[in-house]
Amino acid sequence: MARIIALALTGLLLAATPAVAADPDSCATVRMSDPGWTDITSTNGVLGTLLEPLGYTQKVETLAPPVTFESLKNSQIDVFLGNWMPAQSRFIEPLTAEKAIEVIRPNLDGIRFTLAVPAYVAEAGVKDFADLAKHADQFGRKIYGIGPGAPANQNIQKMIDTKDFGPDGWTLVESSEQGMLSQVDRAVRRKEWIAFLAWEPHPMNSQFQIAYLSGGDAYFGPNYGRATVYTVTRRDLSKNCPNLARLLSQLTFTVDMENQIMGILGEGSDGKAAAAQYLKAHPDLLSGWLAGVTTRDGQDGLAAVRAALNKG
């Protein structure tokens, strides 16, 4: 009888003991980067939707890729969900070699990232990088890229400088993602010729009829710039913030998922609102992402996120 009473008392004491904090206060604010890319706005929105009910605060800054990687190195930001490989190899490889950052995992695979043209331009004979120079005047000797400093822009500029495909006298037009797509929209409406940087997932693939160009393997990788996106963090995040690191190690996306969230963004929602709307319709994703993850004060993480989504 005494043993039974002792066990009962032990159970009561354990039940009364507060949960142990999963991560220290130094992990409470999760600083992230968004280069102004719609896909990263979407994935940042997903992570932000998970972080808030788990007891973290997400802080997102708009930073160009070179600044993003320098900020990771200097521990000024914590997480970047947009390490596109191999396009960003020149940035990431020196940092991984000196163990200045952590590569957590691939979060999106099987995507394309290279130059493209409208479908009517492809039908007129431009299907490969080598075809660009043959129609230089029709393109105005311009290739449209994204924001200044982007690795993809550097690849395009290198292609122009080395004249590998004979694009003598061409110019790289650097702009924001939206600025570039505005140029594409204007050209398509007028049936004009334009060569531009394209990738998936992105609403441009359904907004426009486009054709990805072959032959750019040396600059964007084989199979039309087939790419993988990785989650990277500042050094020692896994050691110092194990609960957050567990979530990041389980967080993956699909092309279809990102396309749908970006479609909601296009209707005027912000990243978190778009992600929350998507997750309410796809709650089955949560169990895999949140397996073994707790709130920052040690409670059931999956239950907390589900409650927040049901309440919102």
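Reader: How do β5 and β8 pair, parallel or antiparallel?
Author: In this predicted model, β5 (residues 113–118) and β8 (residues 195–199) run antiparallel, and four bridges join them.

Reader: What about β5 and β9, parallel or antiparallel?
Author: Antiparallel as well, over three bridges. A116 turns up here too, with Y212 of β9 opposite.

Reader: So what sheet do these strands belong to?
Author: An open sheet of five strands, in the order β7-β6-β8-β5-β9, with mixed pairing. The edges are β7 (171–173) and β9 (210–212), each of which pairs on one side only. From one strand to the next the twist averages 35°.

Reader: Which helix packs on the sheet?
Author: Helix α7, residues 177–190. It touches β5, β8 and β6 (142–144), and its direction makes about 120° with that of β8.

Reader: Is β5 enclosed or open? How many of its residues are buried?
Author: Six of the six are buried, so β5 is largely enclosed by the rest of the structure. The cut-off for buried is under 20% relative accessible area.

Reader: Change of topic. Where is G36 found?
Author: In the loop between β1 (29–34) and α2 (38–51).

Reader: Buried, exposed or partly exposed?
Author: G36 has 41% relative accessibility, so it counts as partly exposed.

Reader: And how far is the C-alpha atom of G36 from that of Q178?
Author: The two C-alpha atoms are separated by 8.9 Å, although G36 and Q178 are 142 residues apart along the chain.

Reader: Now the rings. How many aromatic pairs does a search of the whole structure find?
Author: Nine. One of them is F139 with W193.

Reader: Why is the pair of F139 and W193 called edge-to-face?
Author: Because the ring planes are at 65°, with the centres 5.3 Å apart. Planes over 60 degrees apart count as edge-to-face.

Reader: Where do F139 and W193 lie?
Author: F139 is in the loop between α5 (119–123) and β6, and W193 is in the loop between α7 and β8. The pair therefore ties together parts that are 54 residues apart in sequence.

Reader: Are F139 and W193 buried or exposed?
Author: Both F139 and W193 are buried.

Reader: Which residues do ring pairs link into a cluster?
Author: W84, F113, F129, W199 and F220. Of these, F113 falls within the residue range of β5 and W199 within that of β8.

Definitions and conventions: Residues numbered from 1 in each chain as written. Predicted model: local features only at pLDDT ≥ 70, side-chain atom pairs only at ≥ 80, totals over all residues. Heavy atoms only, no water. Pairing = 2+ DSSP bridges. Helix = DSSP H or I, 4+ residues; strand = E, 2+ residues; numbered from the N terminus. Axes fitted to C-alpha atoms, helices over the stretch in contact; angles between N-to-C directions. Contact = heavy atoms within 4.5 Å. Buried < 20%, exposed > 50% of the residue type's maximum accessible area, 1.4 Å probe, protein only. Phe/Tyr/Trp six-rings, centres within 6.5 Å; stacked < 30°, edge-to-face > 60°.
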